[in-house]
Amino acid sequence: MARIRVLVVDDHRIFAEALATALSAEPEIEVGAAGSAPAAEQALERAAADGRPFDVLLVDADLGSPAALGPPRRPRAAVEPDPAPAPVRRTVGVVPAPRQAGSALAGRVPPGARPVPEPAADGRRAADGITLLGRACQSHPGLRAVVLAAEDDPRRAVRALYAGAAGWVAKESSLSRLLAVVRGVLRGETHLPPALLTGVVRELTTARRDRTESERLVDSLTPREKQVLRCMVAGMGRQAVAERLYLSPHTVRTHMQNVLGKLGVHSTLAAVALARRAGIAPADPPAVAPAGP
């Protein structure tokens, strides 16, 4: 029988290893632990390359945040890399049911979502737990992700669902509750604490209402103004839009002013944010002419 392979990601090493040890006491579960987003992504890639992908990702919502890391520690003489996640125990038992990647909201951008962290020095984006979760679900479609959180936060829970999470578990929950969630998400279920569910539904309803209003405003634009808006969403300046649509810069300026007025905003940034809430896709990049001989 196939084993359930779980990767625990938490930068509190003691917590991560203690949780991995507790989970591995279950005969059908095999567990690895990682202490950072880069270590987790490497573990997921390595496991997939070896033909033994992880089935479930348990990730700390506050991964890498100052609150999670606590007060600064004295620098060490050498940097110790996160050890490669190793199975804590051999397991036998449950065969995971076929799974769909992520939640029903996966891949969509929630209105009012927080900005994605800036790229790190190595060119990759620094990841909090939910950002890591989103990247992992996108790179590994068969993975089921569950957020471990110190407190229930409906807005962050909605963000996690949009990123692809299939469950949210409070860190104060019992081990039996966590195991029930792990097994449930493998059956294609989405698990949220009852106390969190009302807040999540309220956030989703508000997001839907905001999207509907944004769609109504965008629908008030003329076809040409919608073209200009899509160019704005793509980050094009006035001159680039003029060249793209074969218009004069003065005409483009007039269209942009009309767009801002009809959308009821006062800046290009606000217009772009509203357009994204309405589901407006950016204009395709211009085709590059082939180089001559």
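Helices (H or I, at least four residues) and strands (E, at least two) are DSSP runs, numbered from the N terminus. This is a predicted model: local features need pLDDT of at least 70, side-chain atom pairs count only at pLDDT 80 or more, and totals for chains, interfaces and linings use all residues. Residues are numbered from 1 along each chain as its sequence is written, and side-chain values use heavy atoms, with hydrogens and water left out.

Figure 1. Of its 293 residues, 41% count as buried (under 20% relative accessible area; exposed is over 50%, partly exposed in between; 1.4 Å probe, protein chains only). The accessible surface is about 16100 Å² (Shrake-Rupley method, 1.4 Å probe). Carbon and sulfur atoms hold 57% of that surface. Among contacts (heavy atoms within 4.5 Å) with a separation of 6 or more, 74% join residues 24 or more positions apart.

**Figure 2. Close-up of helices H8 and H11.** Two packed helices are described by the angle between their axes and the distance between the axes. H8 spans residues 223–233 and H11 spans residues 268–277. Their axes come within 9 Å and cross at roughly 100° (lines fitted to C-alpha atoms over the stretch in contact; angles run from 0 to 180 degrees between N-to-C directions). H8 and H11 are therefore roughly perpendicular (65 to 115 degrees; under 35 is roughly parallel, over 145 roughly antiparallel, the rest oblique). From H8, Leu229, Met232 and Val233 take part; they meet Thr268, Ala271, Val272, Ala275 and Arg276 of H11. The residues of this contact divide into six nonpolar, one polar and one charged (Ala, Val, Leu, Ile, Met, Phe, Trp, Tyr, Cys and Pro are nonpolar; Asp, Glu, Lys and Arg are charged; the others, Gly among them, are polar).

**Figure 3. Close-up of helices H2 and H4.** The axes of H2 (residues 37–49) and H4 (residues 129–139) come within 11 Å and cross at roughly 15°. H2 is therefore roughly parallel to H4. The crossing is right-handed (near helix turned clockwise from the far one by less than a right angle; anticlockwise is left-handed). Ala37, Ala40, Glu41 and Leu44 of H2 meet Leu132, Arg135 and Ala136 of H4. Five residues of this contact are nonpolar, none is polar and two are charged.

Figure 4. Most residues other than glycine have a negative phi. Tyr246 has a positive phi, near 55°. Tyr246 is exposed, with a relative accessible area of 76%.
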